[in-house]
Amino acid sequence: MSTTATGTLTDHLAEFQSAYDELKARGLKLDLTRGKPSADQLALSDALLTLPGDGEYTDAAGADLRNYGGPNGLPELRAIYSELLQIPVPQLLALGNSSLTLMHDVLTFAMLHGVPGSARPWVREETVSFLCPVPGYDRHFAITEALGVRMIPVPMNEDGPDIAAVKAAIAVDPTVKGIWCVPVYSNPTGAVYSESVARELASLEAADDFRIMWDNAYAVHHLTDWRPEPIDILSLAAEAGHPDRVFVFASTSKVTYPGSGVAFFGSSPDNVRWYSKWAAFQSIGPDKLNQLRHVRLLETAEGVLAHMEKHRALVAPKFAAVQEVFERRLAPFGVGSWGDPKGGYFVTLTVSPGVAKRAIALAAEAGVAITPAGSTHPYLDDPEDAVIRIAPTFPTIEDLTAGLEAFCTALLLAEAERSALPPVE
């Protein structure tokens, strides 16, 4: 039973209920569910609306970008992200606006055709399984489930997935074909993979067609002056004798406009040829004019980092607000534990087992929407019902603070209700 400076949580149940009743009477309508950029962040890229400019439609080589062709994407943009992602330009493609589309396509191609090293298309296997670090990214899990791939949770540590658990899962289950990874500021915990964990993943004794889905979505989304050392995962895999093991994904979705950005796919030469072969049936080439707009806006890798500093100035105070409200409202009652990420888009809050769904439901009744409980786990099933994802970026700081205050009121009531229950025999 949780204790506070003035007794147990149960002692405060009537107080919390009264505060919650007052909260419901306020008629709030606030949404903290998704990690979207705010309007102020989007405005940082509004020059895209007039770029590349009248009569500007050729690349550095003089190719007319209005026409078909250029399936690998604009070389100038690939060069910028080559530096940021530690991937040679020939092994990096600049494609459509969504990295999730690329992930879905890659898994679909693997199911239908297999990947380099496959004995057969994955769909002809009796079962295909993926390892899913938890807490993890709900959209990764949704893609996997939609394609009929069995998901196996493995614990997430501060430096990446629990390697012992990963090895144990692969050792007993030959159906495991891959693992989802968000190596920098992992969604939702903010964990940053260490080079030793990355090296272990690259060196795993696994099936020849085992793949690491390396979603580097937040590589440049820093909240502090600290900069994680970039991991050249493709070189690590090649050194380990598994050059085709890694598929790398990234995008400008939270750098410029999420709906009108550019997504990137990087891998070994064989994997790039494999992807290009099958992708050629669905597209003759990406929107190269949009890619030119991005080149004009961002200019260089240094330009991307400078642009992200403007994002940081807008976003970091919101993450600070999460820390301040939780420390002031929850810590005195010993309720919950939460991360203090150095980048990314989320804060992970862990509450008492069996409380997350109730707290989120109470918040919803009071007009505050929180990401549904279970979203951080495969099949929307958090066995402990304890993990809650907080998304601070989209609301104004005033609405964010009001939403957090209201949510804390709901959570305190849910924790006190649980504390008042008789112990289970």
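## A tour of rings, charges and a pocket

Start by selecting K36 and F394: K36 lies over the face of F394, 4.5 Å from the ring centre. Keep in mind as you look around that this is a predicted model.

For another charge over a ring, select R66 together with Y57. The charged end of R66 sits 3.6 Å from the centre of the Y57 ring, over that ring.

Now turn to contacts between rings. The structure holds 14 aromatic pairs. To see one of them, show Y193 and W214: their ring centres are 5.6 Å apart and their planes stand at 85 degrees, over the 60 degrees that edge-to-face requires, so the pair is edge-to-face. Colour the surrounding elements next. Y193 belongs to the loop between β8 (176-181) and α7 (195-203), while W214 is in strand β9 (residues 211-215), so this pair ties together parts 21 residues apart in sequence. Are these two residues buried or exposed? Both Y193 and W214 are buried.

Finish at the largest pocket, which has a volume of about 530 Å³. Then show helix α4 (residues 99-113), which supplies the largest share of the lining, three residues. If you colour the lining of this pocket by residue class, you will find 10 nonpolar, 10 polar and five charged residues.

Terms used
Residues are numbered from 1 along each chain as its sequence is written. This is a predicted model: local features need pLDDT of at least 70, side-chain atom pairs count only at pLDDT 80 or more; totals for chains, interfaces and linings use all residues. Side-chain values use heavy atoms; hydrogens and water are left out. On a 1 Å grid over the protein atoms alone, a cavity is a set of points where a 1.4 Å probe fits but cannot get out, and a pocket is an open set with protein on both sides within 12 Å along at least five of seven lines; lining residues have an atom within 4 Å of a point. Grid points are joined across faces, edges and corners, and a volume is the space filled by probe spheres set on the points. Helices (H or I, at least four residues) and strands (E, at least two) are DSSP runs, numbered from the N terminus. Ala, Val, Leu, Ile, Met, Phe, Trp, Tyr, Cys and Pro count as nonpolar, Asp, Glu, Lys and Arg as charged, and the others, Gly among them, as polar. Rings of Phe, Tyr and Trp (its six-membered ring) pair if their centres lie within 6.5 Å; planes under 30 degrees apart count as stacked, over 60 as edge-to-face and the rest as tilted. Buried means under 20% relative accessible area, exposed over 50%, partly exposed in between (1.4 Å probe, protein chains only). A charge sits over a ring if NZ of Lys or CZ of Arg is within 6 Å of the ring centre and within 35 degrees of the ring normal.
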